[in-house]
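Please keep the sequence and the structure in view while reading.

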Amino acid sequence: MLTDSAPGKTAAPEARPPTAAFGKGFITDAWYFAALSRDVKVAGLKRYELLGEPVLIGRTRAGQVYALRDICPHRAAPLSAGKLVDHDGEGETVECPYHGWRFRPDGVCTAIPSLVRDQPFEAERIRVRSYPVVESQGLVFVWMAADPRNPAEPDHEPPVFPGVVGGEAKLVERMDFDSHVDHAVVGLMDPAHGPYVHQQWWWRSAHSQHEKSKAFEPREHGFAMVRHAPSSNSYAYRILGGAPATEITFRLPGYRWEHIQVGERQVLALTCLTPLTETTTRITQIFWSDHWVFDLVRPFLKLGARAFLKQDGDMVNLQNEGLRYDPALIWVDDADRQAKWYQQLKREWLKSRAEDRAFANPVKAATLRWTS
């Protein structure tokens with residue numbers, strides 16, 4: 001079987017073991033958020049980049065989502081620039097825009113149109129790399145293997161998030177940060193930067209800092225700040241009325257969600273961190289709710305979410321000025337404990353995969369205290 005290769009070309013080097021060093025490498029053998037289901041159109045072909053790899057995500061006319069490496073093995077044209085066609089005896093295939101080579105959604109080549117009848121060639125020996133893909137809760141997840149040339153089958157499912165209520169997502173905001181995913185993750189879970197980076201009258205200010213004490217416990221592939229009443233200096237929660245209770249969860253490789261309950265009503269704020277390259281991370285914020293007030297405040301929430309992302313992005317750019325010199329970083333308990341946990345989780349994930357054993361969550365239950 002030929003896989004993404006051509007005669008006369010040197011075979012690609014074997015995949016190197018991922019590094020656990022902070023700010024380097026990726027968590028592999030994991031599900032990454034790639035797209036909203038509603039963004040993957042029937043018969044559409046769309047190019048994405050995940051962990052430095054070009055990935056075509058498409059949907060057949062029957063509604064099935066698939067993912068292929070977005071490089072034709074003939075002359076390297078992006079398959080996503082082609083189209084979905086249907087030929088007798090082949091079924092639906094992706095047709096390359098350059099020479100018309102056709103590939104099934106599982107990556108198998110079905111036709112090379114330039115061949116004539118007396119030029120026998122087993123087209124099915126050629127394959128484009130395919131990726132396991134799962135569609136769940138209106139989200140599309142792609143499995144990124146440690147060794148993409150010899151990928152193991154996924155051994156766990158993508159996360160299922162609580163609070164996906166009220167129909168489709170009410171609000172979606174995206175921004176690409178010039179940051180390695182590790183820095184984006186620890187910035188996302190950092191509890192102390194809010195009064196300095198996010199100073200809005202409706203959220204909190206540097207003059208309203210309080211000492212916080214929150215209980216944490218391990219969760220599947222991560223940890224959670226257990227359910228609690230929001231801090232008294234977080235004004236935005238007041239519009240929900242009642243007695244809101246919130247739980248904030250982090251899960252590898254890069255999911256952070258806040259699930260708020262107000263009586264029988266719910267709000268879910270999900271943030272997905274998807275590494276595009278070693279130096280670019282896409283932040284996608286998605287909100288669901290069945291709370292009546294959500295539709296009223298959605299325009300303001302949209303502005304607030306954009307402002308938060310821009311403020312974080314501006315701070316990332318400032319941070320990059322210092323990171324260019326590869327300085328040693330100082331981590332302070334308790335405010336930086338979550339960042340430490342992330343680094344421990346990453347190391348254990350990669351080590352457990354390399355040793356072919358079950359993942360052992362290194363996080364222990366603890367109560368953390370900080371001022372913000």
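Predicted model: local features only at pLDDT ≥ 70, side-chain atom pairs only at ≥ 80, totals over all residues.

Ser-130 belongs to the loop that runs between strand S10 (126-127) and strand S11 (133-136). With a relative accessibility of 29%, Ser-130 counts as partly exposed. Between Ser-130 and Trp-143 there are 13 residues of separation in sequence, and their C-alpha atoms are 10.0 Å apart in space. Both residues also take part in lining the largest cavity.

**Cavities**

How many cavities of 30 Å³ or more are counted? The count is two. The largest cavity holds about 70 Å³ of space. Its lining includes Glu-53 and Arg-129, together with Ser-130, Tyr-131 and Pro-132. Trp-143, Met-144, Ala-145, Pro-148 and Pro-151 also belong to the lining of the largest cavity. By type, the residues of this lining are seven nonpolar, one polar and two charged.

The second largest cavity has a volume of about 50 Å³. Among the residues that line the second largest cavity are Ala-30, Trp-31, His-156, Pro-159 and His-221. Arg-251, Leu-252, Pro-253, Tyr-255 and Trp-349 are also in the lining of the second largest cavity. This second lining divides into seven nonpolar residues, two polar residues and one charged residue.

**Backbone features**

Most residues other than glycine have a negative phi, and most peptide bonds are trans. The following residues depart from one or other of these patterns.

Leu-252 and Pro-253, which both line the second largest cavity, are joined by a cis peptide bond with omega near 0 degrees. Pro-253 is located in the loop between strand S16 (245-251) and strand S17 (255-262). A cis peptide bond is also found from Asp-333 to Asp-334, where omega is about 0 degrees. Asp-334 lies in the loop between H3 and H4.

Ala-76 is not a glycine, yet its phi is positive, near 70 degrees. This residue is in the loop between strand S5 (65-69) and strand S6 (83-87), and its relative accessibility of 48% makes it partly exposed. Asp-326 likewise has a positive phi, of about 50 degrees, without being a glycine. Asp-326 is placed in the loop between H3 and H4. Is Asp-326 buried or exposed? At 69% relative accessibility, Asp-326 counts as exposed.

**Salt bridges**

The structure contains 26 salt bridges.

| Residue pair | N to O distance |
|---|---|
| Lys-346 and Asp-182 | 2.7 Å |
| Glu-217 and Arg-219 | 2.7 Å |
| Lys-310 and Asp-314 | 3.0 Å |

The salt bridge of Lys-346 with Asp-182 has one partner in helix H4 and the other in helix H1 (residues 181-189), so the pair ties together parts that are 164 residues apart in sequence. Lys-346 counts as buried, because its relative accessibility is 1%. Asp-182 is buried as well, with a relative accessible area of 1%.

The partners Glu-217 and Arg-219 have another setting. Glu-217 has a relative accessibility of 30% and is therefore partly exposed. Arg-219, at 26%, is also partly exposed.

Lys-310 and Asp-314 are both in helix H3, and because they are four residues apart there, about one helical turn separates them. Asp-314 counts as partly exposed, with 38% relative accessibility.

Salt bridges also link Asp-333, Asp-334, Arg-337 and Lys-340 in a network.

**A buried aspartate without a salt bridge**

Asp-336 is in the loop between helix H3 (292-323) and helix H4 (337-354). What is the nearest side chain of opposite charge to Asp-336? It is that of Lys-340, at 7.2 Å. A salt bridge requires the nitrogen and oxygen atoms to be within 4 Å. Asp-336 is buried but has no salt bridge. The side chain of Asp-336 does, however, reach the backbone nitrogen of Val-332, at a distance of 2.7 Å. Lys-340 itself belongs to the network of salt bridges that includes Asp-333, Asp-334 and Arg-337.

Technical notes:
Residues numbered from 1 in each chain as written. Heavy atoms only, no water. 1 Å grid on protein atoms, 1.4 Å probe; cavity = no way out; pocket = protein on both sides within 12 Å on 5 of 7 lines; lining within 4 Å. Points joined across faces, edges and corners; volume = space filled by probe spheres on them. Nonpolar A, V, L, I, M, F, W, Y, C, P; charged D, E, K, R; others polar. Helix = DSSP H or I, 4+ residues; strand = E, 2+ residues; numbered from the N terminus. Buried < 20%, exposed > 50% of the residue type's maximum accessible area, 1.4 Å probe, protein only. Lys, Arg positive; Asp, Glu negative; His and termini not counted. Polar contact = N/O pair within 3.5 Å; in protein donor to acceptor, adjacent residues only side chain to side chain.
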